[in-house]
Amino acid sequence: MDARQAAVADSEQIERVLARLGKRCIVLVGMMGAGKTSIGRRLANLLHLPFLDADSEIEKAANLSIAEIFAAYGEAHFREGEKRVVMRLLSNGPAVLATGGGAYLNEETRQRCRTEGVTIWLKADVPVLLERVRKKGNRPLLERDDPESVMRRLLSEREPVYAEADIVIASREGPHHAVVGEVLAALDAFLADRVPHER
Ligand code: S3P
């Protein structure tokens with residue numbers, strides 16, 4: 001396939017995914033540092049869909065940073081706000097929605113993500129996750145104890161729940177555009193299985 005044919009194939013794939021997605025959101029779930037925001041933004045650009053970031057929307061609604069919300073009101077309060085915000089964003093589809101790492105753990109949120117969206121778990125190993133969050137220092141859950149042991153504990157608790165997502169994609173080190181291509185191909189295959197083919 002030459003470059004022109006590849007571009008046509010891509011645009012056909014994009015059209016197909018958009019047509020079959022309908023009003024649903026593409027919901028990215030997974031740990032802190034999995035790449036939900038950066039991959040999500042690229043995917044939204046490629047599909048010409050709005051990009052919605054749950055963490056930013058929570059911060060906007062509270063007029064506080066996530067670290068400030070945790071410090072002033074505690075995690076339970078943050079989780080309530082997170083649930084409300086994700087529920088609201090889900091009704092704004094079609095869009096690409098990046099959730100915070102804990103959002104999908106809430107049973108009600110998870111069910112809504114699954115009925116009103118196509119869920120994708122961006123799966124990464126602890127060293128990759130740690131390397132990506134290391135530079136930022138904006139994750140309150142990693143500020144208390146040793147970040148590596150917290151990350152390992154959270155990952156082992158959460159993995160079985162993330163695994164309920166419709167699609168699982170390995171988010172490795174390396175260029176994000178390669179992962180975006182894999183996400184698009186996986187969406188195409190997943191949606192094709194559930195929507196009758198046009199003839
Ligand atoms: C959290 C992940 C963060 C943010 C908050 C809690 C978690 O979002 O919502 O710090 O529980 O894993 P990212 O996954 O976007 O870092």
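**Helices, sheet and ligand site**

Reply: Helix 2 (residues 36-47) lies across strand 1, strand 2, strand 3 and strand 4 (117-123), at about 160 degrees to strand 2. Contact means heavy atoms within 4.5 Å. Axes are lines fitted to C-alpha atoms, for helices over the stretch in contact, and angles run from 0 to 180 degrees between N-to-C directions. Helices (H or I, at least four residues) and strands (E, at least two) are DSSP runs, numbered from the N terminus. This is a predicted model: local features need pLDDT of at least 70, side-chain atom pairs count only at pLDDT 80 or more, and totals for chains, interfaces and linings use all residues. Residues are numbered from 1 along each chain as its sequence is written, and side-chain values use heavy atoms, without hydrogens and water.

Me: At what angle does helix 3 run to strand 2?
Reply: Helix 3 covers residues 54-62. It lies across strand 2 and strand 3. Its angle to strand 2 is about 60 degrees.

Me: In what order do the five strands of the open sheet come?
Reply: The pairing is parallel; two strands pair if DSSP finds at least two bridges between them. The order is 2-3-1-4-5.

Me: Which residue of strand 3 stands opposite cysteine 25?
Reply: Strand 1 (residues 25-29) and strand 3 (residues 95-98) pair in the parallel sense over four bridges. Opposite cysteine 25 stands alanine 95.

Me: How much of the ligand's accessible area does the protein cover?
Reply: Among the 14 residues around the ligand (a heavy atom within 4 Å), Lys36, Asp55, Arg79, Arg139 and Arg158 come nearest. A polar side-chain atom of lysine 36 lies 2.7 Å from a ligand oxygen, and one of aspartate 55 also lies 2.7 Å from a ligand oxygen. On its own the ligand has 380 Å² of accessible area (Shrake-Rupley method, 1.4 Å probe). The protein covers 96%.

Me: Why are lysine 60 and glutamate 57 separated by about one helical turn?
Reply: Their side chains meet in a salt bridge at 3.2 Å, N to O. A salt bridge puts a side-chain nitrogen of Lys or Arg within 4 Å of a carboxyl oxygen of Asp or Glu. The separation is about one turn because the two are three residues apart in helix 3.

Me: Which residue does a cis peptide bond join to glycine 93?
Reply: Most peptide bonds are trans. Here omega is about 5 degrees.

How values were computed
A polar contact is a pair of N or O atoms within 3.5 Å; within protein, one must be able to donate a hydrogen and the other to accept it, and residues adjacent in sequence count only if both atoms are side-chain atoms.
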